[in-house]
Amino acid sequence: MAVLKQKSLIVVLANALAGGLALALALTPRFVPPCTHQLETTAGVPVPMHCHWTFQIEFLLAVAALIVAGALWIVRHAEARRIVGGVLALFGLLAIAVPQPWVIGICGNSEMPCHQTAHWLWLWAALLIADGIFIAIRAKNPADKIAPPDPWEKTNATQKGAK
Amino acid sequence: MKWPLYLLFTSVTFSAGITALSRGWNLAPLATAGKSAPAVAQASTESEELPACCERCSHKAKAIAGSPAVSSVTTNNAGEREIILPCCAGKKNRDN
């Protein structure tokens with residue numbers, strides 16, 4: 001019984017961690033802001049730097065991850081939890097991929113503030129991947145924990161005893 | 001009973017996220033960019049046209065020397081001016 005309680009506590013912590021990491025992904029650019037300088041185009045329009053668009057996408061990914069993490073509190077079936085965990089891990093992968101130069105990228109100069117923001121986001125995304133995989137692996141149906149005895153096996157055992 | 005609550009949570013989170021994004025949540029100074037002159041224009045009166053930031057940024061930038069958008073403007077041995085923008089990883093543009 002104590003083991004069951006411990007397991008459910010782990011699941012609750014994993015669910016809460018997923019939501020917290022999604023929130024951290026969304027809020028980090030607010031506390032560790034990316035580049036705020038702007039360039040002016042020849043048309044006279046100020047344009048944000050390269051990294052701005054990356055963090056816009058990161059924010060959308062974080063909102064989506066938060067919504068999916070919320071589903072962890074609703075779904076009970078093991079298969080559904082595996083899918084939700086997998087989707088969270090996928091969001092983590094996308095969050096790591098978006099700042100790469102072959103997707104959108106951030107500013108080239110490593111001394112620009114956006115690099116610090118990206119490092120924090122990579123940390124949260126890596127933890128989200130690990131948490132998503134953990135949730136998927138640990139997904140079990142409530143029925144699996146207290147499995148009823150197999151009547152077919154019982155019959156076989158009785159027959160063998162009779163022989 | 002949980003599913004209606006989750007649908008409510010989803011719609012509130014999504015609309016809050018979209019609203020925050022449209023109001024410049026990530027890059028607060030951008031929200032005021034249209035209301036006042038851009039920071040690059042306030043930094044200096046000396047203006048110069050740059051051919052482009054670099055291939056990676058592909059900005060046809062009109063940056064201003066001494067502004068935050070320009071790291072440095074130097075003259076090399078051949079007498080050509082080299083302009084370095086901070087977003088270009090120190091790549092140099094030759095202002096011919």
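Author: pLDDT is the predictor's confidence in each residue, from 0 to 100. This is a predicted model, in which local features need pLDDT of at least 70 and side-chain atom pairs count only at pLDDT 80 or more, while totals for chains, interfaces and linings use all residues. Residues are numbered from 1 along each chain as its sequence is written, and chains are lettered from A and ligands numbered from 1 in the order in which they are written.

Reader: Fine, so where in chain A is confidence lowest, and where is it highest?

Author: Confidence in chain A is lowest in helix α5 (residues 142–145), with a mean of 56, and highest in α3(A), with a mean of 95; helices here are DSSP runs of H or I with at least four residues, strands are runs of E with at least two, and both are numbered from the N terminus. Over the chain as a whole, the mean pLDDT is 82, and 77% of the residues reach 70 or more.

Reader: And what about residues 1–6 of chain A?

Author: Across residues 1–6 of chain A the pLDDT stays under 50, and the model gives that stretch one contact beyond four places in sequence, a contact being two C-beta atoms, placed from the backbone, within 7 Å.

Reader: Let's go to the packing: at what angle do α3 and α4 of chain A pack?

Author: Helix α3 (residues 78–97) and helix α4 (residues 113–138) of chain A pack at about 160°, with their axes 7 Å apart. That makes α3(A) roughly antiparallel to α4(A), a label used for angles over 145 degrees, with under 35 being roughly parallel, 65 to 115 roughly perpendicular and the rest oblique.

Reader: Which residues make that contact?

Author: On the α3(A) side they include A:Arg81, A:Gly85, A:Leu88 and A:Phe91, and on the α4(A) side they include A:Trp122, A:Ala125, A:Ile129 and A:Asp131. By class, this contact of α3(A) with α4(A) holds 16 nonpolar, four polar and three charged residues.

Reader: How are α2(A) and α3(A) oriented to each other, parallel or antiparallel?

Author: The axes of α2(A) (residues 50–71) and α3(A) come within 10 Å and cross at roughly 165°, and the two helices are therefore roughly antiparallel to each other. Among the residues in contact are A:Leu61, A:Ala65 and A:Val68 of α2(A), together with A:Val84, A:Leu88 and A:Phe91 of α3(A). By class, the contact of α2(A) with α3(A) has twelve nonpolar residues, no polar ones and one charged.

Reader: Now chain B: what is its secondary structure?

Author: Chain B has three helices and three strands, and along the sequence they follow the pattern α-α-α-β-β-β.

Reader: How confident is the model there, on average?

Author: Chain B averages a pLDDT of 57, and 24% of its residues score at least 70. Among its elements, helix α1 (residues 2–22) has the highest mean, 89, while helix α3 (residues 39–43) of chain B has the lowest, 35. The pLDDT is below 50 over residues 28–68 of chain B, although the model has 91 contacts for this stretch beyond near neighbours in sequence. Residues 89–96 of chain B are also below 50, with 20 such contacts.

Reader: Last one, what are the ipTM and pTM scores?

Author: The model scores ipTM 0.70 and pTM 0.67.

Technical notes:
Axes fitted to C-alpha atoms, helices over the stretch in contact; angles between N-to-C directions. Nonpolar A, V, L, I, M, F, W, Y, C, P; charged D, E, K, R; others polar.
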